[in-house]
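Please keep the sequence and the coordinates at hand while reading.

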Amino acid sequence: MGAGLSIGQVAERTGLSVHALRFYEREGLLADPVRRESNGRRVYTEDDVEWLDMCIKFRSSGMPLDTIRQYTDLVRQGPGNEADRLALLRSHQDYVAAQIQELTECMNVITHKVTVYAQHVEDGTASCVWVTPSSQDGASEAS
């Protein structure tokens, strides 16, 4: 197969399944067409792996497939649309920043609850934090 990578090798390196790789190709999410051998087997390049790694990060951060496809189409068009690419990326960056803020607020609540529970466990007063509010009078703030 030469210097190229098989679909199995790319699946192993990216963590995507062979099925997912075929899906990404079919949906037009790869920047360049995947080369094929004479027997029809796909031959990927290091550039394909790098592109897929970026797409995986985009998906993991909540970017819709349509937006990845739009970005891919812009890249395929070549120079001249960098402002459009930047706008798309900034929009997603704002989305991710908002998600991080929301998760930070969630973490703050969880950290507070862990602190309260840890103190009750350490003080030997933990029995009051696991009691449901309906089964006690004046339920503890920690539950």
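**Charged pairs and ring pairs**

Arg 36 counts as partly exposed, at 41% relative accessibility. The model in which this value was computed is a predicted one. The side chain of Arg 36 meets that of Glu 25 in a salt bridge, at 3.5 Å from N to O. This pair links distant parts of the chain: Arg 36 belongs to strand E1 (residues 35-36) and Glu 25 to helix H2 (residues 18-26), eleven residues apart.

Glu 25 also forms a salt bridge with Arg 42, where the closest N and O atoms are 2.5 Å apart. Glu 25 lies in helix H2 and Arg 42 in strand E2 (residues 42-43), so this pair ties together parts that are 17 residues apart in sequence. Arg 42 has a relative accessible area of 19% and is buried; the cut-off for that class is under 20%. Taken together, Glu 25, Arg 36 and Arg 42 are linked in a network of salt bridges.

The structure holds six salt bridges. Another one of them joins the side chains of Glu 46 and Arg 13, at 2.7 Å from N to O. Because Glu 46 is in helix H3 and Arg 13 in helix H1 (residues 7-14), the pair ties together parts that are 33 residues apart in sequence. Glu 46 is partly exposed, its relative accessible area being 41%. Arg 13 is partly exposed as well, with a relative accessible area of 44%.

Side chains of opposite charge can pair when their charged atoms come close.

Asp 48 lies in helix H3. A polar atom of the Asp 48 side chain is 2.9 Å from the backbone nitrogen of Thr 45. With neighbours within four places in sequence left aside, Asp 48 is in contact with Asp 32 and Val 43.

The structure holds three aromatic pairs. One of them is formed by Trp 51 and Tyr 71, which are stacked, with 5.9 Å centre to centre and 15° between the planes. Trp 51 and Tyr 71 are buried.

Tyr 71 forms an aromatic pair with Phe 58 too, and this pair is edge-to-face: 5.6 Å centre to centre, with 90° between the planes. Here again distant parts of the chain are linked, with Phe 58 in helix H3 and Tyr 71 in helix H4, 13 residues apart. Both Phe 58 and Tyr 71 are buried. Through these ring pairs, Trp 51, Phe 58 and Tyr 71 are linked into a cluster.

Terms used
Residues numbered from 1 in each chain as written. Predicted model: local features only at pLDDT ≥ 70, side-chain atom pairs only at ≥ 80, totals over all residues. Heavy atoms only, no water. Phe/Tyr/Trp six-rings, centres within 6.5 Å; stacked < 30°, edge-to-face > 60°. Buried < 20%, exposed > 50% of the residue type's maximum accessible area, 1.4 Å probe, protein only. Helix = DSSP H or I, 4+ residues; strand = E, 2+ residues; numbered from the N terminus. Polar contact = N/O pair within 3.5 Å; in protein donor to acceptor, adjacent residues only side chain to side chain. Contact = heavy atoms within 4.5 Å. Salt bridge = Lys/Arg side-chain N within 4 Å of Asp/Glu carboxyl O.
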